[in-house]
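Let's take a friendly walk through this structure together.

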Amino acid sequence: MLREIIERFEDTVIVEEPVSKELEVTKYLVKYRDRPVLFRNVDGWSLAGNIWSTRERIAGYLGTEKEKLLHFIASSMENPEPCRTVESAPFMANSTEDFSLRELPVPKYYPRDGGQYFTSAMVIAKDEEGFVNMSFHRMMVIDDKRAAIRLVPRHLYAIWKEKAEAGEELDVRIVVGNPIHILIAGATSVAYGTSELEIASAMSRMAFGKPLDVFDLDGIPVPVETEFVFEAKILPELTDEGPFVDITGTYDHVRKQPLVVFEKMYHVDEPVFHALLPGGYEHYMLMGLPKEPQIYASVKRVVPRVHGVRLTEGGAMWLHAVVSITKQHDGDGKNAILAAFAGHPSLKHVVVVDEDINIYDDREVEWAIATRFQADRDLVIIPNARGSSLDPSAEKSLTAKWGIDATKPLGREEEFDRAEV
């Protein structure tokens, strides 16, 4: 379970003293941004954060390398595998309807937050045809049993809207505390009809040699490995949600969102609640990693030899990217820039480099810009393009996108090569 995963990491920070969920958890997660932190006592519960805050830790757990994560995720998205339904699950050991959301270790992360926030929770829902969707949704605690859930217009929103227009509630399962292959799957953007649970199952097969085990909880499959499970209903009724700090570290505004009512709670023995720090490195990884395969696929359509894609931490792994290619023709660098924007429409800035540049080293990328880029011939600017709603500098989600072609000119490569010993 999650505790065993966290304790096996050599760099885990163990916090023994009592810590309040009101702002204090954040102080530790900010101090140890790239190290897992396990709190023994957050209002009487165990809590962990920053678990999956580096590429190396994620890749190591999945039995691959950070440079191959992109292909690992892409393969699972392209080749989903059916889950295996089992007869029992550890979280069934403890169940109750007598609980209060306010008393659970759900943190309030920042002073201006609208309240306590579920940030690592994923919602599992089934539509009328039996399609099962799993996706991340932040939830702001309102009282003992109710929260406001942020639904962007994607798959869960479509399933909820059909019910809401008929005046009906949507039955869902909410899961908290999952290993990384389940979390990454829940963060992917795939066509309607492809279940994220089956993407997680494909990852499980590649990493551990077996499909994902799920337990049928009153008609909805739930991953066996989860720490907390809640039976809940999303209502047609709307309420205020926010403010909330999103991936850029800036506040998202208050908006009307659906109410969700928590009805029953299940959890494993000695559960660990997963606190995903808004705007932290773990947040970056879970939002950014599933987008890298999309950028890769888009660039590969126009430049056959693409060596890697990295959404950078400095760009919150959402707005800035680096792409490594081998040019075959002059202009390939600019085509790669345009294709990267098409692959991830929220992207604002991209640097294209040659294969000899380590895209995971910011100094090497900057060196390539310093020695291989001229602004008057290698800069691409696209004004008034649709960008990310999470970019505070954009106006009504319109932004100026810009790309840097920091590749060597063909025919003059030797002039740009680095000296070697």
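In which loop does Ala-316 lie? Ala-316 belongs to the loop between S19 and S20. Before going further, please keep in mind that this is a predicted model. Ala-316 has a positive phi of about 60 degrees, although it is not a glycine. It also counts as buried, because its relative accessibility is 5% and buried means under 20%.

Strand S19 covers residues 306–311, and it pairs with S20 in the antiparallel sense over five bridges. To see this pairing in the view, find Gly-308, which stands opposite Ser-324 in S20. Strand S20 itself spans residues 320–325 and is mostly covered, with five of its six residues buried. S20 has another partner to look for: S20 and strand S21 (residues 349–354) pair in the parallel sense over six bridges. Here Val-323 stands opposite Val-352 in S21. In general, strands of a sheet pair through backbone hydrogen bonds, either parallel or antiparallel.

Now turn to an open sheet of four strands, which has the order S1-S2-S3-S18 and mixed pairing. Strand S1 (13–15) and strand S18 (272–274) stand at the edges, each with a single partner strand, so one side of each is left without a neighbour in the sheet. From one strand to the next, the twist averages 25 degrees. Strand S3 (residues 45–49) and S18 run parallel and are joined by three bridges.

Helix H2 (residues 24–31) lies across S1, strand S2 (37–42) and S3, and it runs at about 165 degrees to S2. Glu-24 lies in this helix and counts as partly exposed, at 33% relative accessibility. Leaving aside neighbours within four places in sequence, Glu-24 is in contact with Pro-18 and Val-19. Glu-24 and Tyr-109 are 85 residues apart in sequence, yet 7.9 Å apart in space, C-alpha to C-alpha.

Another helix to visit is H6 (residues 180–187), where His-181 lies. Is His-181 buried or exposed? At 0% relative accessibility, His-181 counts as buried. Leaving aside neighbours within four places in sequence, its contacts include Tyr-61, Leu-62, Phe-208 and Glu-225.

Next comes a detail of the backbone. The peptide bond from Gly-242 to Pro-243 is cis, with omega near 0 degrees. Pro-243 is found in the loop between strand S14 (228–241) and strand S15 (244–245).

Our last stop is farther along the chain. Strand S22 (residues 379–386) is the place of Ile-381, which is exposed, with a relative accessible area of 56%. Together, Leu-379, Ile-381 and Trp-402 make a nonpolar surface patch of about 270 Å². The loop between S22 and strand S23 (398–406) holds Ser-397. Ser-397 is not a glycine, but it has a positive phi of about 65 degrees. With 14% relative accessibility, Ser-397 counts as buried.

How values were computed
Residues are numbered from 1 along each chain as its sequence is written. This is a predicted model: local features need pLDDT of at least 70, side-chain atom pairs count only at pLDDT 80 or more; totals for chains, interfaces and linings use all residues. Side-chain values use heavy atoms; hydrogens and water are left out. Patches are made of residues with over 30% relative accessible area and no salt bridge: like charges are joined within 9 Å, nonpolar side chains (Val, Leu, Ile, Met, Phe, Trp, Tyr) within 5 Å. Accessible areas come from the Shrake-Rupley method with a 1.4 Å probe; for residues, only the protein chains shown count as cover. A salt bridge is a side-chain nitrogen of Lys or Arg within 4 Å of a carboxyl oxygen of Asp or Glu. Helices (H or I, at least four residues) and strands (E, at least two) are DSSP runs, numbered from the N terminus. Buried means under 20% relative accessible area, exposed over 50%, partly exposed in between (1.4 Å probe, protein chains only). Two strands pair if DSSP finds at least two bridges between them. Axes are lines fitted to C-alpha atoms, for helices over the stretch in contact, and angles run from 0 to 180 degrees between N-to-C directions. Contact means heavy atoms within 4.5 Å.
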